[in-house]
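The sequence and model come first, and the notes follow.

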Amino acid sequence: MKRYGNLYPKICDFDNVVLAHTNARRGKSWYKEVKMVDSDPFYYADLIHNMLREKRYRTSEYEIFETNDSGKTRTIYKLPYFPDRIVQWAILQVIEPIFLKDFIYDTYSALPGRGIHLGLKRLHKALDDKENTTYCLKFDVKKYYPSIPHLNLKNALRRKFKDTDLLWLLDEIIDSVNEEKGIPIGNYTSQYFANFYLSPYDHWIKEKKKIRYYFRYMDDIVILHKSKKFLHWLRYETDWYFRQNFGLEIKNNWQVFPTRERGIDFLGYRSFGDRTLLRKTTAKRFQTSMKKILKEGLNKKGRMSIASYEGWLKWCDSFGLRRKYIGPLEVFL
């Protein structure tokens, strides 16, 4: 494996920090801290430039709160915009291309040019091969973000990078919440750390196990094969692999099932091969939201909600939902 060095000076570079502010502020121009930096961007960029160059940067205190995502409670860690979010952008602008070289094509979460809809297209194309996609193995990792061991992650990063100053900075961010395990949901860097950490499994699956139809969205994994028995054995091997190599466990709600009879619940949709439906929880939220709009009338918030769901509906067979809920409102849209 090639190891990369001499990256820290590129991160500290003044122009790189200015660009980091430009990228970090997108969609956040109304933030108080963004306005502060916008008032004199070169002054604040110079502060960060010197802070990094002299290795005085320390991760700020997090604002911690909980959110509910499809019935799952997640703890979110939010850092101040200045200097932390700008610093993390400055890091990623330099190391993101290196990470991307390591990732297989069929991993989709939080990566430029990929995402839900590319993954869905690839899954649908795979399902055209009916002979070799008879069964599906589906699983995810038990408390993935909070369970990543710091030592394992740091060792993995040291196999990728040989720049000691860069590794000092990455260690500082990794250890900013807990010294032993867990990376904070909410950090820009956490998305890349989490993707990178499971990358060896992607290559093991593709190159050692010769699996053709494999899809990963962060820690949500789908594998298609013609043999039910093979997938059960692969699940057993995967459980061993995750424990031995990652210090992680796959959830005990893993499933092996007939692909077309059940449909694959993945990326917010249920894919059957000949048709694609919204995930049940998404469809239920859509119906609840639309009933409220029909009852209370269409306002600005309602229009935004409809536009959001239209983005989901156009990727699935949604004629019935459109006719029942959006149809009566089309004259007002």
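A contact means heavy atoms within 4.5 Å. By that criterion, residues 24 or more positions apart account for 71% of the contacts in the protein with a separation of 6 or more. This is a predicted model: local features need pLDDT of at least 70, side-chain atom pairs count only at pLDDT 80 or more, and totals for chains, interfaces and linings use all residues. Residues are numbered from 1 along each chain as its sequence is written, and side-chain values use heavy atoms, with hydrogens and water left out.

**Overall shape**
- The protein has 16 helices and nine strands (DSSP runs numbered from the N terminus: H or I of at least four residues for helices, E of at least two for strands).
- Along the principal axes, the C-alpha atoms fill a box of roughly 60 × 55 × 30 Å.
- Of the 333 residues, 48% are buried (under 20% relative accessible area, 1.4 Å probe, protein chains only).

**Nonpolar cores**
- A nonpolar core is a set of buried Ala, Val, Leu, Ile, Met, Phe, Trp, Tyr and Cys residues joined through side-chain atoms within 4.5 Å.
- The largest has 70 residues, and those with the most contacts inside it include Ile-95, Tyr-144 and Phe-242.
- Helix α5 (residues 81–102) gives the largest share of this core, 11 residues.
- A second, separate core has 14 residues, among them Leu-127 and Ile-264.
- Beyond its neighbours within four places in sequence, Phe-242 contacts residues including Phe-139, Tyr-201 and Ile-250.

**Cysteines**
- The structure holds zero disulfides (pairs of cysteine sulfur atoms within 2.5 Å).
- Cys-136 is buried at 0% relative accessibility, and its sulfur is 19 Å from the closest cysteine sulfur, in Cys-316, too far for a bond.
- Cys-12 is buried at 6% relative accessibility.

Conventions. Buried means under 20% relative accessible area, exposed over 50%, partly exposed in between (1.4 Å probe, protein chains only).
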